[in-house]
Amino acid sequence: MNKFLKNTSWIVFGQIFQMILSFFIGLLSVRYLGPTNYGSITYISSYVSFFSSICLMGLDTVVINKLVYYQERDGEVIASAVLLRSIVSILCMFSLSLVVYCIDGGNKELVIIAIISSFELLFKSFITITFWYQYKLMSKKVVIADLLAFLLSSLYRLYLLMTSK
């Protein structure tokens, strides 16, 4: 039970840290980008969120279930899920860009924001790997790596905002 509690506390800590950091980065982004530019990013983010739910395909519970019942084939289960999600993510990236192009009359700026933002869909397909660590009760490694990546990307966003690039 102690190992389970430590594993869960690492996951909760990582989520809380990311929410707090996201809140402050969001405040600074709104302040520096202004309503028009921030509104464009938020508009495209809503599309990304919609397509993100398609990319997930409800595979989370299936993968975890397969990991529990087929422990000897855990690598195969994770690899298959990552491959499947990656293929669907690439299709969703193209679909997202096409939808934004068609709905917004070919607004070049919004299409570029959509293309850049859609890469989030592809990167999220690799989150499936964290299930293996959670299943082995080794979330500390994943949370630390995730926090470092999130912290570095947040610092880079701050740098871009402060230097107005």
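1. A residue is called buried here when its relative accessible area is under 20%, exposed when that area is over 50%, and partly exposed in between, with a 1.4 Å probe and protein chains only. By that criterion, 30% of the 165 residues of the protein chain count as buried. The model is predicted, so local features need pLDDT of at least 70 and side-chain atom pairs count only at pLDDT 80 or more, whereas totals for chains, interfaces and linings use all residues. Residues are numbered from 1 along each chain as its sequence is written, and side-chain values use heavy atoms, with hydrogens and water left out.

2. The protein chain has six helices and zero strands, where helices (H or I, at least four residues) and strands (E, at least two) are DSSP runs numbered from the N terminus. Read along the sequence, the pattern is α-α-α-α-α-α, and along its principal axes the C-alpha trace spans about 50 × 30 × 20 Å. With contact taken as heavy atoms within 4.5 Å, 82% of the contacts between residues at least 6 apart in sequence join residues at least 24 apart.

3. Helix 3 is followed by glycine 105, whose phi is positive, near 60°.

4. The buried residues of helix 4 are Leu110, Val111, Ile113, Ala114, Ser118, Leu121 and Leu122, and they pack against helix 1 (2–56) and helix 3 (74–103). As background to such a list, an α-helix has 3.6 residues a turn, so residues three or four places apart point the same way.

5. Serine 52 lies in helix 1 and is buried, with a relative accessible area of 9%. Not counting residues up to four places away in sequence, serine 52 touches Leu121 and Lys124. The side chains of serine 52 and lysine 124 are joined by a polar contact of 3.5 Å; the term denotes a pair of N or O atoms within 3.5 Å, of which, within protein, one must be able to donate a hydrogen and the other to accept it, and residues adjacent in sequence count only if both atoms are side-chain atoms.

6. The axes of helix 1 and helix 6 (residues 139–163) come within 10 Å and cross at roughly 10°, the axes being lines fitted to C-alpha atoms over the stretch in contact, with angles from 0 to 180 degrees between N-to-C directions. Helix 1 and helix 6 are therefore roughly parallel to each other, a label that applies to angles under 35 degrees. The residues of their contact divide into 17 nonpolar, seven polar and three charged.

7. Valine 142 is found in helix 6 and counts as buried at 19% relative accessibility. Not counting residues up to four places away in sequence, valine 142 touches Thr130 and Tyr133.

8. Methionine 57 lies in the loop between helix 1 and helix 2 (59–69) and has a positive phi of about 55° although it is not a glycine. At 34% relative accessibility, methionine 57 counts as partly exposed.

Methods: Angles under 35 degrees count as roughly parallel, over 145 as roughly antiparallel, 65 to 115 as roughly perpendicular and the rest as oblique. Ala, Val, Leu, Ile, Met, Phe, Trp, Tyr, Cys and Pro count as nonpolar, Asp, Glu, Lys and Arg as charged, and the others, Gly among them, as polar.
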